[in-house]
Every structure is written in structure tokens, then in C-alpha cells.
Amino acid sequence: MQWIAISKNWAAYLPAILQRWPEAQEDDLISLDGTQTSLAAYLSKVSGRPIDDVNEEIESWRAGATPADIRMDETEDMRNIDASARYLPEGED
């Protein structure tokens, strides 16, 4: 996952963030600006873990696959439709 996509679709990523870090509170996450820096600072504060450790966790999470509910979000429809074209044989639509 690219951080620019996470930041751009911050609200759509909140369930995935809450699942990965259950100590986070949804209202607090909503108030963040969607940057990795703000997320790391917040998670470090609520968990009591060093920010470097939290940043490593975030990078590991970010390097994983995009959650299906994010990929299926209606704001991603056109991108998904465009991407599906590469799986069609020549001459089909």
C-alpha cells in the first residue's frame, strides 16, 4: 500500500487500522491528518511503545496487501475496472 493512497482514503482505512491496532480509538484516528507521522505518534502514545517500534509495525502493515474492503470501496470502482482490462484476452471487452 502506498502511503499517499492511505492518506487520500484515510476514512476507508480506519477499519483496517483498528483491526491491526485494537488499542486505537476510532474518534482519535478520525481526528488525525492521515500521515504516517501522526499515526505513529498517536499509536506510540496509546500503546506506550517507542515510536521507532511503532513505525516498524506501520511499515510492515503498509507493505502487506491492501485490505479487500478498501479495494472494493466504491471510490476505487473506476481504478478496479481499468485494472481488470489487463485480464481480458485480445479482442474481448
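Predicted model: local features only at pLDDT ≥ 70, side-chain atom pairs only at ≥ 80, totals over all residues.
Trainee: How many aromatic pairs does a search of the whole structure find?

Mentor: The search finds two aromatic pairs. In one, the ring centres of Tyr13 and Trp61 are 6.3 Å apart and the planes stand at 80°, so the pair is edge-to-face. Since Tyr13 lies in helix H2 and Trp61 in helix H5, this pair ties together parts that are 48 residues apart in sequence.

Trainee: And what about the rings of Trp21 and Trp61?

Mentor: Their centres are 5.6 Å apart with the planes at 70°, so that pair is edge-to-face. Trp21 sits in the loop between H2 and helix H3 (26–31), 40 residues from Trp61 in helix H5.

Trainee: Are Trp21 and Trp61 buried or exposed?

Mentor: Both Trp21 and Trp61 are buried. Tyr13 is buried as well.

Trainee: Let us step back. What is the secondary structure of the protein?

Mentor: There are seven helices and zero strands. Of the 93 residues, 31% are buried. Among contacts between residues at least 6 apart in sequence, 47% join residues at least 24 apart. The protein exposes about 6,300 Å², and carbon and sulfur atoms supply 51% of that area.

Trainee: Back to H5, then. Which of the residues of H5 are buried?

Mentor: They are Val54, Glu57, Ile58, Trp61 and Arg62. Viewed down the axis of H5, these residues fall within an arc of 135°, so they line one face of the helix. Exposed on the other side of H5 are Asp52, Glu56, Ser60 and Ala63.

Trainee: What do the buried residues of H5 pack against?

Mentor: They pack against helix H1 (3–8), helix H2 (10–20) and helix H4 (36–47). H5 itself has 13 residues and reaches 18 Å from its first C-alpha to its last, close to the 18 Å expected at 1.5 Å a residue.

Trainee: Changing topic: how many salt bridges does the count come to?

Mentor: The count comes to three salt bridges. Arg49 forms one with Glu23, the closest N and O atoms being 3.4 Å apart. That pair links distant parts of the chain, with Arg49 in the loop between H4 and H5 and Glu23 in the loop between H2 and H3, 26 residues apart. Glu57 also forms a salt bridge with Arg49, with the closest N and O atoms 2.8 Å apart.

Trainee: Which side chain does Glu59 meet in a salt bridge?

Mentor: Glu59 meets Arg62, at 2.9 Å from N to O. The two are three residues apart in helix H5, so about one helical turn separates them. Glu59 is partly exposed, with a relative accessible area of 30%. Elsewhere, salt bridges that share partners join Glu23, Arg49 and Glu57 into one network.

Trainee: Why does Pro67 count as buried?

Mentor: Its relative accessibility is 19%, and buried means under 20%. Leaving aside neighbours within four places in sequence, Pro67 is in contact with Met1, Tyr13 and Ala16. Pro67 and Met1 are 66 residues apart in sequence, while their C-alpha atoms are 9.3 Å apart in space.

Conventions:
Residues numbered from 1 in each chain as written. Heavy atoms only, no water. Helix = DSSP H or I, 4+ residues; strand = E, 2+ residues; numbered from the N terminus. Buried < 20%, exposed > 50% of the residue type's maximum accessible area, 1.4 Å probe, protein only. Contact = heavy atoms within 4.5 Å. Areas by Shrake-Rupley, 256 points an atom, 1.4 Å probe, with all protein chains shown as cover. Expected span 1.5 Å × (residues − 1). Arc of directions from axis to C-beta. Phe/Tyr/Trp six-rings, centres within 6.5 Å; stacked < 30°, edge-to-face > 60°. Salt bridge = Lys/Arg side-chain N within 4 Å of Asp/Glu carboxyl O.
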